[in-house]
Amino acid sequence: MSDIGDWFRSIPAITRYWFAATVAVPLVGKLGLISPAYFFLWPEAFLYRFQACYLPWVILGFNYIIGGSVINELIGNLVGHLYFFLMFRYPMDLGGRNFLSTPQFLYRWLPSRRGGVSGFGVPPASVRRAADQNGGGGRHNWGQGFRLGDQ
């Protein structure tokens, strides 16, 4: 038994704790001391652990934990905040000039309409023109109606 203890103590500290956790965590789950589902997902902490405004910083922390480049995340956060400030905050809230604008060739390539929707509850213009040409498009005429309170 001394050989195993000596071997375990001879392992570097982080590797020793990592090895102990890989043995202890499944054993605790198998013995039913803690539900194995909590090892995969802690719903309260995951769904409610942070607010949306902290998401870039949480992603930066996760990236740091898994060994990614924190510098790239910091530069991305900086560029995102700079874009938001120059595009929205400075012109709208502080009355400054608009430094950033979308190039016109993007408007030609990608029109600014979304799936033909022209407004809430209003059919696209092509459907309205077809309905007008067909005399209402076969829909029922409900009359002019009245506003609430008018008689």
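Is Asp 6 buried, partly exposed or exposed? In this predicted model, Asp 6 has a relative accessibility of 43% and therefore counts as partly exposed, since the partly exposed class lies between under 20% for buried and over 50% for exposed. The side chains of Asp 6 and Arg 9 meet at 3.4 Å, N to O. Because Asp 6 and Arg 9 are three residues apart in helix α1 (residues 2-10), about one helical turn separates them. An α-helix has 3.6 residues a turn, so residues three or four places apart point the same way.

The overall fold was examined next. The secondary structure of the chain consists of eight helices and zero strands, giving the pattern α-α-α-α-α-α-α-α along the sequence. Of the 151 residues, 7% count as buried. Among contacts in the chain with a separation of 6 or more, 2% are accounted for by residues 24 or more positions apart. The accessible surface of the chain amounts to about 13900 Å², and carbon and sulfur atoms contribute 65% of this area.

Helices α5 and α6 were considered together. In helix α5 (residues 55-65), the buried residues are Val 58, Leu 60 and Asn 63, and these pack against α6. In helix α6 (residues 70-93), Asn 77, Met 87 and Pro 91 are buried; the buried residues of α6 in turn pack against α5. Asn 63 counts as buried because its relative accessibility is 16%, which falls under the 20% limit. With residues up to four places away in sequence not counted, Asn 63 touches Gly 68, Ser 69 and Glu 73. Just after α5, Gly 67 adopts a positive phi of about 90 degrees. Helix α6 itself bends by about 40 degrees at Phe 85.

According to the unreviewed UniProt entry, the annotation "transmembrane region" covers residues 17-41 and 61-88. In the model, the span of residues 61-88 is 86% helix and 0% strand, and its end C-alpha atoms lie 27 Å apart.

A nonpolar patch is present on the surface, formed by Tyr 54, Trp 57, Ile 71, Leu 74, Ile 75 and Val 79, which together have about 600 Å² of accessible area. Helix α6 gives the most to this patch, with four residues. Trp 57, by contrast, lies in helix α5; Trp 57 counts as partly exposed because its relative accessibility is 42%.

The structure holds two salt bridges. Besides the pair in α1, the side chains of Arg 89 and Asp 93 meet at 3.2 Å, N to O. Arg 89 and Asp 93 both belong to helix α6 and are four residues apart, about one turn of the helix. Arg 89 has a relative accessibility of 42% and therefore counts as partly exposed. Side chains of opposite charge can pair when their charged atoms come close.

Arg 89 is also in contact with Leu 94, as is Phe 85, when neighbours of Leu 94 within four places in sequence are left aside. Leu 94 is located in the loop between α6 and α7 (104-109). Because its relative accessible area is 58%, Leu 94 is classed as exposed. Through these contacts, Leu 94 touches both Phe 85, the residue at which α6 bends, and Arg 89, a member of the salt bridge with Asp 93.

Note on methods
Residues numbered from 1 in each chain as written. Predicted model: local features only at pLDDT ≥ 70, side-chain atom pairs only at ≥ 80, totals over all residues. Heavy atoms only, no water. Patch = residues over 30% accessible without salt bridge, like charges linked within 9 Å, V, L, I, M, F, W, Y side chains within 5 Å. Areas by Shrake-Rupley, 256 points an atom, 1.4 Å probe, with all protein chains shown as cover. Salt bridge = Lys/Arg side-chain N within 4 Å of Asp/Glu carboxyl O. Helix = DSSP H or I, 4+ residues; strand = E, 2+ residues; numbered from the N terminus. Buried < 20%, exposed > 50% of the residue type's maximum accessible area, 1.4 Å probe, protein only. UniProt positions renumbered as here; feature names shortened; annotations may be inferred. Bend = angle between axes of the 7 residues up to and from the residue. Contact = heavy atoms within 4.5 Å.
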